[in-house]
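Work through the exercises below with the sequence and the model at hand. Each task is followed by a solution in steps.

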Amino acid sequence: MSYLEDIPQPENGYYVLVTGSNSGLGLGICTRIIDEFLQTRPQIESLVLIITTRDKKKGDATIETVEAHLRKVCRQHERTLPGVTQLLQGRIHFRQERLDLLSLVSVQKLSKKLRETTPKLDVVICNAGIGGWTGLNWPLAVWSFLRRWRMAASWPTYKISGKGWVARPQLPAKDGQPHEEPALGEVFCANFFGHYLLGHYLAPLLARHPRSQGTRGRLIWTSSLEAYAHTLNINDLQGITSEDAAYESSKRLTDVMGITSRLPATSNAVDQYLDLPDQSADTTKPLIYVTHPGITATTIFTLPLILEYAMVIAFYVARWLGSQWHPITLEKGAVAMVWLALAKQSTLDTMEEKEGVGKWGSATDFWGQERVERTEVSGWGWGGRLGEYKRKGRDPFAKDLTKEEREKFEETGKRCWEEMEALRCEWEDRLRQAGIAVEME
Ligand SMILES: NC(=O)c1ccc[n+]([C@@H]2O[C@H](COP(=O)([O-])OP(=O)(O)OC[C@H]3O[C@@H](n4cnc5c(N)ncnc54)[C@H](OP(=O)(O)O)[C@@H]3O)[C@@H](O)[C@H]2O)c1
């Protein structure tokens, strides 16, 4: 039996890949997308959910979890519609793959495999990530909560960041000697650069959408509320020398590049990145969307169990004090990602036409009713429009958008795109010269 027979390829398949699927928001995205797909998509459509994990044990456990979730959903539907289980189960297919974003070769291997075995991709949700923090400044944390609870629970300034963290070497040792290679920032690589390469290699699959259908492949990049402008240093985009904000820097880079990917100023670099030489009626350029999950209770910041409970309580209090950015549970935190993954193309296009390209966040009301909410981005506002002003949900460093700030944002985006494209090409050459690159075609 060929291994291709194990790979689901249903007719009318909707192919969604999620990175970091085995825990936290990744799991929330996987379970939520099953629910929403079954509720909102026509019966002739099937979901192919491609989960990616760093090892098979985590992959098997994730498959077990999502299968159990699907069984639970079916049981609920059975109560109102006996016999529907078979139909529902036939519409959801799972597949698991290996991906370590800190290994560029791992990114290439997965991409090659997908390109050889998958007819197309509709959505890639770049969710995996690390915080790179080493602890908390406790006195500052306590003081921050006592002074301004909501602020402290939404935009913490008391996390202590690891400094100078670099990913393990990409090139194998030769004759017992390590290869000379430039450092690759660890947080930068896990949160941004690994996904950046993945998006590049998967672009041809994401592009397989005939123009006549009016749909586009979607690359969904996960950012954060903590993507402060001042944390991104144009001379150190990898955040290696950053004193206290490698994570925030990687998220600001995500915002800047994701949002400027639609502007004419970056079109050369973006076209090169999306690598679509054979533009035909059967292909459409994929689009990049930026999202964030608000504040969700996961183990991205490791705490002793008792403090984890305290953290969750602190989040609920923040919500009840008026924070819209505390979805807290995994499924609610995943609302923005899943909405971006499943919304009709015409809905997204119309919203962007009316209000500009934006950063889409998971939010809730006092009662925990989740919704998707535009989020302010420093230098861009809510949609790149001057004069737009919403009071709610602004970060402590927020300033009203000016023409100069808007221009600077665009200029920074252009620089970042050029730098990232150069870095991608440099690393591809380096892997090739070391004889370990995985060639795609
Ligand atoms: N939680 C929040 O409140 C919050 C807020 C803003 C943004 N975010 C963003 O949301 C995303 C998910 O975070 P989370 O809170 O769900 O964190 P989490 O529970 O720690 O999950 C992170 C996931 O990423 C995977 N991962 C980490 N490093 C990886 C690598 N090198 N290669 C492949 N996978 C890797 C982890 O896999 P392993 O199990 O193998 O480590 C895990 O599945 C991140 O991008 C984070 O920045 C979260």
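**Exercise 1.** Is Trp367 buried or exposed?

Solution. The model is predicted, so local features need pLDDT of at least 70 and side-chain atom pairs count only at pLDDT 80 or more, while totals for chains, interfaces and linings use all residues. Residues are numbered from 1 along each chain as its sequence is written, and side-chain values use heavy atoms, with hydrogens and water left out.
- Step 1: Buried means under 20% relative accessible area, exposed over 50%, and partly exposed in between (1.4 Å probe, protein chains only).
- Step 2: Trp367 has a relative accessible area of 72%, so Trp367 is exposed.
- Step 3: Phe366, with 41% relative accessibility, counts as partly exposed.

**Exercise 2.** Classify the aromatic pair of Trp133 and Phe301, and state where the two residues lie.

Solution.
- Step 1: Rings of Phe, Tyr and Trp (its six-membered ring) pair if their centres lie within 6.5 Å; planes under 30 degrees apart count as stacked, over 60 as edge-to-face and the rest as tilted.
- Step 2: A search of the whole structure gives 19 aromatic pairs.
- Step 3: For Trp133 and Phe301 the centres are 5.7 Å apart and the planes are at 35 degrees, a tilted pair.
- Step 4: Trp133 belongs to strand 5 (residues 133-136) and Phe301 to the loop between strand 8 (287-292) and helix 10 (305-320), so the pair ties together parts 168 residues apart in sequence. Strands (E, at least two residues) and helices (H or I, at least four) are DSSP runs, numbered from the N terminus.
- Step 5: Both Trp133 and Phe301 are buried.
- Step 6: For comparison, Phe366 and Trp367 have ring centres 4.8 Å apart and planes at 80 degrees, so this pair is edge-to-face.

**Exercise 3.** Describe how helix 7 and helix 8 pack.

Solution.
- Step 1: Helix 7 (residues 186-206) and helix 8 (residues 246-260) meet at about 25 degrees, with axes 7 Å apart. The axes are lines fitted to C-alpha atoms over the stretch in contact, and angles run from 0 to 180 degrees between N-to-C directions.
- Step 2: Angles under 35 degrees count as roughly parallel, over 145 as roughly antiparallel, 65 to 115 as roughly perpendicular and the rest as oblique. The two helices are therefore roughly parallel to each other.
- Step 3: The contact (heavy atoms within 4.5 Å) involves residues including Phe188 and Tyr196 of helix 7 and Tyr247 and Met257 of helix 8.
- Step 4: Phe188 and Tyr196 also belong to one aromatic cluster, with Trp221 and Trp417 among its other members.
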